[in-house]
Structure formats: C-alpha cells, structure tokens
Amino acid sequence: MLRIRTPEGVPFSFPLASPVSRMAAWAIDKLIVSAAWSLVSTLLGVLRLLGPDLILGISVVGYFVVSTGYTIYFEWQWGGQTLGKRLVRLRVMDESGLPLKFSQIVVRNILRIVDSLPVAYLVGGVTTLLNARAQRLGDIAAATIVVHEPPNALAGFSKLVAAKYNSLRTQRHVVARLRDRTSPALAHAALRAVLGREQFDPEARVELFRQLAQHFREVAAVPVELTEGLADEQFVRNIVEVLYLRPELTPAPEPIAAH
C-alpha cells in the first residue's frame with residue numbers, strides 16, 4: 001500500500017500492483033501486439049526482394065514502433081491504462097499524485113527495452129521486487145507507479161449517482177478543465193469519499209467534502225453560480241459523475257436573442 005499526499009493536500013492511499021498482476025497485463029498486451037504485428041509483417045512480405053538484411057532491419061524497427069506505440073497511445077488516451085491493464089484493473093499514475101504527463105508515458109515505455117533484458121523482463125521484474133514502490137527501471141526514470149483499482153468501485157458508484165440533474169453536464173468547458181487538470185489521486189480520493197461517506201462522523205464528513213469541493217473549484221475555476229445553493233457533498237458527487245461515468249453532456253441552452 002502506497003500512501004501519498006496529493007498536491008491539493010488530500011492524503012490518500014493506493015494498493016500497489018503486484019509483479020504477478022503486472023505480468024498478466026503485459027501478457028495480454030503482448031498477445032494484442034503480436035496479433036497486430038502479424039498483420040504488419042504480412043504486408044512487409046512484398047519487400048522481400050530488397051534483401052534479407054534490409055527486411056530484418058525493417059522488421060526490428062517496425063516491431064518496436066508497433067509495440068511501443070501501442071502502449072504509449074493507450075496509456076495516454078485511457079489515463080494510464082492499456083487493454084491489458086484495463087482487464088486486470090491496473091493503472092499507471094504519477095508517483096506524487098500529479099496528473100500523468102505524456103513525457104512520463106514515453107519515458108517509461110521507451111525504457112521497456114532495458115527492463116526486458118536479458119529475457120522475459122528479468123531486469124524489470126527483479127527491480128520491482130527490490131523497490132519499495134514496485135517500480136521497474138522505466139517507472140523510476142519516469143516517476144510513475146502502477147496501482148490496482150478495486151473491482152467494485154465503479155459498480156458501487158453507479159448506484160449512488162441516480163440524480164436526474166447535474167448542472168455540470170451543461171458546462172462542457174468546465175468539465176473539460178476538470179478532466180484535464182484533476183490528478184488521478186484527487187479523483188480517487190473524491191470517489192472513495194463518495195462511496196464511503198456513511199462511514200464518517202458527521203463533522204468529519206462535512207469537513208472532508210468542504211475541502212474536496214474547494215479543491216475542485218480551484219482546479220477547474222468553476223463559476224460561482226454553478227455551486228450557489230449546492231451542498232459541498234452534492235457538488236463533489238456531481239464532479240465524480242462527470243470524471244468517472246462520463247455521461248453524455250447536455251447541450252447548453254441557446255442564448256435568447258435580444259429584441
């Protein structure tokens with residue numbers, strides 16, 4: 001279990017991914033990449049006339065581009081997840097709770113070459129066992145960690161957000177800022193606060209949601225009129241809904257033309 005304090009000042013803990021679960025996710029991704037590469041290599045067959053040495057060089061570079069491009073693309077588009085990680089419920093995060101940067105994703109995936117040496121990710125596997133945060137060399141260089149997401153988190157949340165109206169759904173620009181600027185650590189903290197709200201004493205519950213609401217207002221520059229008269233807890237629940245469930249946004253009403 002890794003305990004960190006987010007840049008917003010919210011303490012939070014994450015269950016670190018085990019080497020076994022990481023290997024399972026890697027194996028799934030490996031199968032996907034191999035299937036994609038088999039199609040690419042078939043297309044490269046038309047270049048055989050150029051000579052075996054040239055074909056070998058093209059194949060080595062091509063496989064690296066396909067395999068590395070796959071992990072970089074999905075980890076960036078899916079917030080630290082590939083298809084394999086999503087199935088095993090793992091996620092790459094910044095080790096300090098900051099939003100994950102594209103440069104971090106590139107670094108950790110480029111260094112897979114070193115972690116995979118001499119065979120079967122031996123260097124990376126040994127490093128995760130010796131590292132307190134279960135980081136391979138690529139994670140250490142990129143300042144990232146891989147965490148396990150509880151399987152029932154979103155299932156439980158789906159039962160909590162049955163509200164018919166969420167004022168944020170009409171504010172596309174606010175939601176875009178929230179999704180862009182909210183760190184994974186703060187998002188997880190808000191989700192767990194909503195799911196476990198009944199476990200807090202009344203005073204602690206009010207204070208927790210007050211702090212979370214204030215952080216989100218500052219992060220996304222939420223207009224005052226959107227939260228006026230809205231309880232902090234309900235505001236945070238609305239935030240978690242648009243961050244995790246990503247419902248279709250309601251189009252903003254057309255402005256009334258002046259006459």
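**Reading the predicted model: values set against definitions**

The protein contains 13 helices and four strands. The model is a predicted one.

Visitor: How much of the protein counts as buried, and how much surface does the protein expose?

Guide: Of the 259 residues, 42% count as buried. The protein exposes about 14400 Å², and carbon and sulfur atoms supply 64% of that area.

Visitor: What makes the contact between Arg22 and Asp139 a salt bridge?

Guide: The closest N and O atoms of Arg22 and Asp139 are 2.7 Å apart. A salt bridge requires a side-chain nitrogen of Lys or Arg within 4 Å of a carboxyl oxygen of Asp or Glu, so the pair qualifies. The pair links distant parts of the chain, with Arg22 in helix H1 and Asp139 in helix H7, 117 residues apart. Both residues are buried.

Visitor: Which network of salt bridges includes Arg22 and Asp139, and how many salt bridges are counted by this rule?

Guide: Arg22, Glu75, Lys85, Arg108, Arg112 and Asp139 are linked in a network of salt bridges. The count by this rule comes to ten salt bridges.

Visitor: Why are Glu95 and Arg133 also called a salt bridge?

Guide: Their side chains meet at 3.5 Å, N to O. The limit is 4 Å, so this pair is a salt bridge as well. Glu95 lies in the loop between strand E3 (90-94) and helix H4 (102-110), and Arg133 in the loop between H6 and H7, so the bridge ties together parts that are 38 residues apart in sequence.

Visitor: Are Glu95 and Arg133 buried or partly exposed?

Guide: Glu95 has a relative accessible area of 21%, and Arg133 is at 27%. Buried means under 20% and exposed over 50%, with partly exposed in between. Both Glu95 and Arg133 are therefore partly exposed.

Visitor: What separates the N and O atoms of Arg217 and Asp232, and where do these residues lie?

Guide: Arg217 forms a salt bridge with Asp232, the closest N and O atoms being 2.9 Å apart. Arg217 is in helix H11 and Asp232 in helix H13 (residues 232-245), 15 residues apart. Asp232, at 24% relative accessibility, counts as partly exposed.

Visitor: Why are helices H9 and H11 described as roughly perpendicular?

Guide: The axes of H9 (residues 172-181) and H11 (residues 202-220) come within 9 Å and cross at roughly 105°. Angles of 65 to 115 degrees count as roughly perpendicular, so H9 and H11 are placed in that class. The contact is made by Val174, Arg177, Leu178 and Arg181 of H9 with Phe216, Val219 and Ala220 of H11.

Visitor: Which residues make the nonpolar surface patch, and which helix gives the most to the patch?

Guide: The patch, of about 710 Å², is made by Val61, Phe64, Val65, Ile110, Ile113, Val114, Leu117, Leu137 and Ile140. The elements giving two or more residues are helix H2 (52-77), helix H5 (112-115) and helix H7 (137-142). H2 gives the most, with three residues.

Visitor: Which values of phi do Arg89 and Ala134 have?

Guide: Phi of Arg89 is near 65°, a positive value in a residue other than glycine. Phi of Ala134 is near 55°, likewise positive. Arg89 is placed in the loop between helix H3 (83-88) and E3, and Ala134 in the loop between H6 and H7.

Definitions and conventions:
Residues are numbered from 1 along each chain as its sequence is written. This is a predicted model: local features need pLDDT of at least 70, side-chain atom pairs count only at pLDDT 80 or more; totals for chains, interfaces and linings use all residues. Side-chain values use heavy atoms; hydrogens and water are left out. Patches are made of residues with over 30% relative accessible area and no salt bridge: like charges are joined within 9 Å, nonpolar side chains (Val, Leu, Ile, Met, Phe, Trp, Tyr) within 5 Å. Accessible areas come from the Shrake-Rupley method with a 1.4 Å probe; for residues, only the protein chains shown count as cover. Axes are lines fitted to C-alpha atoms, for helices over the stretch in contact, and angles run from 0 to 180 degrees between N-to-C directions. Angles under 35 degrees count as roughly parallel, over 145 as roughly antiparallel, 65 to 115 as roughly perpendicular and the rest as oblique. Contact means heavy atoms within 4.5 Å. Buried means under 20% relative accessible area, exposed over 50%, partly exposed in between (1.4 Å probe, protein chains only).
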